[in-house]
Amino acid sequence: MVTTTATGIFQLLAAYRDGGDARAREQLVVNYMPLVRSLCRRFHSSREPQDDLFQAGMVGLLNAITKFDPDRGTRFASLAIPEVLGAILNHLRDHGSLIKVPR
C-alpha cells in the first residue's frame, strides 16, 4: 500500500520516529524511491553509472528519514531533496574524477 497523502506520510514518519517501526520506514522508502530516481537523472551526463548514483541517493533518503522531525511542521520533501542531492554530489566528488577536489 503506497501512501501519498501528506497526513499519511506524517503518520509514517511519526511511527518510525517514535517506535522505530521498520514497516513505516520501508513504506517511506518505497514512496520516495521515484523522487530519488528523478534526482539521479539530473546527473545523467556524468561518467558514474546511474545505479551508483541511485544507491548514494538512497543513503541520503535514509538519512533524511532518520533526521526528520514531524513536530516541526515542515514538509518531508524540504529535507529529503537536499539530503539526497548532497549524498549524490558527495559520491560524485569522491568517485567522479581522478583529481580529488577538497571539500
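Predicted model: local features only at pLDDT ≥ 70, side-chain atom pairs only at ≥ 80, totals over all residues.
Residues are numbered from 1 along each chain as its sequence is written, and side-chain values use heavy atoms, with hydrogens and water left out.

The secondary structure of the protein chain amounts to four helices and zero strands, where helices (H or I, at least four residues) and strands (E, at least two) are DSSP runs numbered from the N terminus. Read from the N terminus on, the elements follow the order α-α-α-α. Of the 103 residues of the protein chain, 37% count as buried; buried denotes under 20% relative accessible area, exposed over 50%, and partly exposed the range in between (1.4 Å probe, protein chains only). With contact taken as heavy atoms within 4.5 Å, 57% of the contacts between residues at least 6 apart in sequence join residues at least 24 apart.

Helix 2 (residues 22-41) and helix 4 (residues 77-95) have axes that come within 10 Å and cross at roughly 50°, the axes being lines fitted to C-alpha atoms, for helices over the stretch in contact, with angles that run from 0 to 180 degrees between N-to-C directions. Helix 2 and helix 4 are therefore oblique to each other, given that angles under 35 degrees count as roughly parallel, over 145 as roughly antiparallel, 65 to 115 as roughly perpendicular and the rest as oblique. Their crossing is right-handed, a term that applies if the near helix is turned clockwise from the far one by less than a right angle, the anticlockwise case being left-handed. On the side of helix 2 the contact involves Leu 35, Val 36, Leu 39 and Cys 40, and on the side of helix 4 Ala 80, Ile 81, Val 84, Leu 85 and Ile 88. These residues divide into nine nonpolar, no polar and no charged, where Ala, Val, Leu, Ile, Met, Phe, Trp, Tyr, Cys and Pro count as nonpolar, Asp, Glu, Lys and Arg as charged, and the others, Gly among them, as polar.

The axes of helix 3 (residues 50-67) and helix 4 come within 7 Å and cross at roughly 140°, which makes helix 3 oblique to helix 4. This crossing, too, is right-handed. Helix 3 contributes residues including Asp 52, Ala 56, Gly 60 and Lys 67, and helix 4 contributes residues including Ala 80, Glu 83, Val 84 and His 91. The residues of this contact comprise ten nonpolar, four polar and three charged. Asn 90 also lies in helix 4 and is partly exposed, with a relative accessible area of 31%; its C-alpha atom is separated by 8.6 Å from that of Ala 56, 34 residues apart along the chain.

A search of the whole structure finds two salt bridges, each defined by a side-chain nitrogen of Lys or Arg within 4 Å of a carboxyl oxygen of Asp or Glu. In one of them, the side chains of Lys 67 and Glu 83 meet at 2.9 Å, N to O, and this pair links distant parts of the chain, with Lys 67 in helix 3 and Glu 83 in helix 4, 16 residues apart. Glu 83 counts as buried, at 18% relative accessibility. A salt bridge also joins the side chains of Asp 94 and Arg 93 (3.1 Å, N to O). Asp 94 is partly exposed, with a relative accessible area of 34%, and Arg 93 likewise counts as partly exposed, at 23% relative accessibility.
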